[in-house]
Amino acid sequence: MIEELRAHCKELLAGKRLDSIYGLGDQGGAHVPRFFSTVDELDDLVLAGKQRLIFTCRPSDQNIIALVQGQRSGLRLGIVARGCDERALFELAKLSQLSLDGVEVVGVACDRTQAEECRCSQPYPQDPRFGEKLEETFDDPAVARFRKMGAEERLAFWEHHLGKCIKCYGCRNACPLCFCKECQMERELFVRRGALPPDFPLFHFVHMMHLADRCVDCGACEDACPMDIPLRLLKKVMRGAVRDLFNYEPGIDPTRGSPFAGIARVETTHGD
Amino acid sequence: MSFEPKIVAFLCNWCSYTGADLAGTSRMHYPPNVLSIRVNCSGRVSPLMVMSALTKGADAVLICGCHIGDCHYVTGNWQTEKRVPLLKKGLESLGIDPRRVRLEWVSASEGARFVEVVEDFITEIKRLGPNPVKGAHHDRRTACSL
C-alpha cells in the first residue's frame, strides 16, 4: 500500500496539481510529520502505526497548517490523512483554525490490526483512496465496563486515576483541538498553582467539558500521558453524551457545526 | 445534628434575582441554605463555575434564569439550556449525582415559585446527603504538602 501511496503522491506533485504534501516521513528510523515538496523526497513517505500527523498549536501559537497557509496564500497542499487526522482537520477548519481551501486529503484507511490497537470508532477517512473502510466498530471494552459502574465506583475510579496526575499538561499539549491561547487549565481561579495532584476533578473537568463537542477520538491525550490515566475513556464518554443529547459527532461532517458553536437554540434529543 | 446542605444559586440579574428579591420584599420565608450569586445572565454560568462551587464546599448548585423566550439578551438562556444537560452528563460520568445541579426558569414576578423551587431542591439534597467531592480539595492539599 505504501508504494502505491508514494506513487500517487509523486504523480500529484509531478503533475503540478499540488505544491506540497504533508505526511509522515522517515528520518533515520524515526517517523516525523513533515512537508514533501519534491518528488525525490517522497521516497521517505511512510505510514506509521499509532503515530499521527501533528496539528497541535503548541509550542508555537498556530498549528502548522495555518502557519504555512498564512505564509503562502493560494498554497495547494496535499495531506496524507487517516480517519483521526481527517477528523481533526475538519474540526479545526470548522473552528476557523485553518482553511480547507486548496487542501486535498489523500485518505488512507487503517487496517484491522491498526484499528484494533487504536480502539478506533471510525478507522477511515470519508473518502479513502487507499485501504478499505472497515465497517465493524472497534468498541472500547473500557467504555462498556465503565457504563456498568455505579456512581460510587466511578468516583473512586476517577479519584484513583486522576490522583496520579503530575500536571504536565501533556494531554492538553498533544490534543489537536486544544488551541486557546488563554487556557482555563492554567487559570488560578479554577486550578491552584503548585498543588499536586491538581484539584480533583476540576483540572481534568476543564479539558473534558471543553472537548466534549470537538474531541475527534484520536487518543493523543492518552498516548501523551506519562501516568497512564485513561483520559480517552473520559473523552469517549463525553463524546457519547454529546451524541445522545444533540445527535452530533465531531469530525464526521465538515459542514455541520457543533450545537455549542452558535447562539442558535438547539433542543436536546433525549438519549438513554 | 441534621445535615444542612449548602446550596450555591446562580441567579440571572433580570429575572431570577429580581424574583428572589420579590420573595424577600413580600416577606416570604425560605431556608437560609441558599447562597445567591447574581450573574448577568444564566448563559454566563460555565460548567467550570458549577464544578468549582461543588469542589469548594457546595452540596448543590441551582441555576436560575429567565423563561425561554424572555431572555434579556435574547439568546442567553438558550445556551444555558444546551449546556446544563451536558454538564449533568459530565457529573454523572465522574460519579457525582447529576441531581445536585438543577436548572430552573424563574421570572421576576415568580417570587413564590422561587421559594417553592428552593424548598423542593433542599429537600432533595437532604435526601442525597453531603456532596462527595466537597472538600476533596483541602484533604489533598494536606496529603501532599511537600
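Student: Chain B, helix α1 and helix α4. How do their axes cross?
Tutor: The axes of helix α1 (residues 16–25) and helix α4 (residues 111–128) of chain B come within 7 Å and cross at roughly 95°. This is a predicted model, so the values are computed from predicted coordinates.

Student: Parallel or perpendicular, then?
Tutor: Roughly perpendicular, for α1(B) and α4(B). Angles of 65 to 115 degrees count that way, and the crossing here is at roughly 95°.

Student: Which residues make the contact between α1(B) and α4(B)?
Tutor: From α1(B), B:S16, B:G19, B:A20, B:L22 and B:A23. From α4(B), B:G111, B:F114 and B:V115.

Student: How does that contact split by class?
Tutor: Between α1(B) and α4(B) there are five nonpolar residues, three polar and no charged ones.

Student: Staying in chain B. How many residues of α2(B) are buried?
Tutor: Eight of the nine, so α2(B) is mostly covered.

Student: Which ones?
Tutor: The buried residues of α2(B) are B:P47, B:L48, B:V50, B:M51, B:S52, B:A53, B:L54 and B:T55.

Student: Over to chain A. How is chain A divided?
Tutor: Into domain 1, covering 2–130, and domain 2, covering 141–246.

Student: What separates the centres of those two domains?
Tutor: Taken over C-alpha atoms, the centres of domain 1 and domain 2 of chain A are separated by 27 Å.

Student: How many residues are in contact across the two?
Tutor: In chain A, 15 residues of domain 1 are in contact with 14 residues of domain 2. On the domain 1 side, helix α3 (residues 83–94) of chain A has the largest share, with four residues.

Student: And the classes on the domain 1 side?
Tutor: For domain 1 of chain A, the side touching domain 2 has five nonpolar, four polar and six charged residues.

Student: Next, helix α2 of chain A, residues 64–71. Which residues are buried there?
Tutor: A:I65, A:A66 and A:Q69 are. They cover an arc of only 95° around the axis, which puts them on the same side of α2(A).

Student: What does the face turned away from that buried side carry?
Tutor: Two exposed residues of α2(A), A:G70 and A:Q71.

Student: New topic: A:F36. Where is it?
Tutor: A:F36 sits in strand β2 (residues 30–36) of chain A.

Student: Buried or exposed?
Tutor: Buried: A:F36 has 23 C-beta neighbours inside 10 Å, and the cut-off for buried is 20 or more.

Student: What does A:F36 touch?
Tutor: Leaving out residues up to four places away in sequence, A:F36 touches A:S20, A:I21, A:G23, A:G25, A:E41, A:L42 and A:L45.

Student: What about the bond from A:F200 to A:P201?
Tutor: That bond is cis, with omega near -10°. A:P201 is in the loop between α7 and α8 of chain A.

Student: Why flag these at all?
Tutor: Most peptide bonds are trans, and most residues other than glycine have a negative phi.

Student: What is phi of A:K16?
Tutor: Positive, about 60°, although A:K16 is not a glycine. A:K16 lies in the loop between α1 (2–14) and β1 (20–27) of chain A. A:K16 is exposed, with 8 other C-beta atoms within 10 Å.

Student: And phi of A:K167?
Tutor: Near 55°, a positive value in a residue other than glycine. A:K167 is in the loop between α6 (151–162) and α7 of chain A. With 15 C-beta neighbours inside 10 Å, A:K167 counts as partly exposed.

Technical notes. Residues are numbered from 1 along each chain as its sequence is written. Chains are lettered from A and ligands numbered from 1 in the order in which they are written. This is a predicted model: local features need pLDDT of at least 70, side-chain atom pairs count only at pLDDT 80 or more; totals for chains, interfaces and linings use all residues. Axes are lines fitted to C-alpha atoms, for helices over the stretch in contact, and angles run from 0 to 180 degrees between N-to-C directions. Angles under 35 degrees count as roughly parallel, over 145 as roughly antiparallel, 65 to 115 as roughly perpendicular and the rest as oblique. Two residues are in contact if their C-beta atoms, placed from the backbone, lie within 7 Å. Ala, Val, Leu, Ile, Met, Phe, Trp, Tyr, Cys and Pro count as nonpolar, Asp, Glu, Lys and Arg as charged, and the others, Gly among them, as polar. A residue is buried if 20 or more other C-beta atoms lie within 10 Å of its own, exposed if 12 or fewer, and partly exposed in between; C-beta atoms are placed from the backbone. The arc is that of the directions from the helix axis to the C-beta atoms. Domain bounds come from an automatic or database domain assignment.
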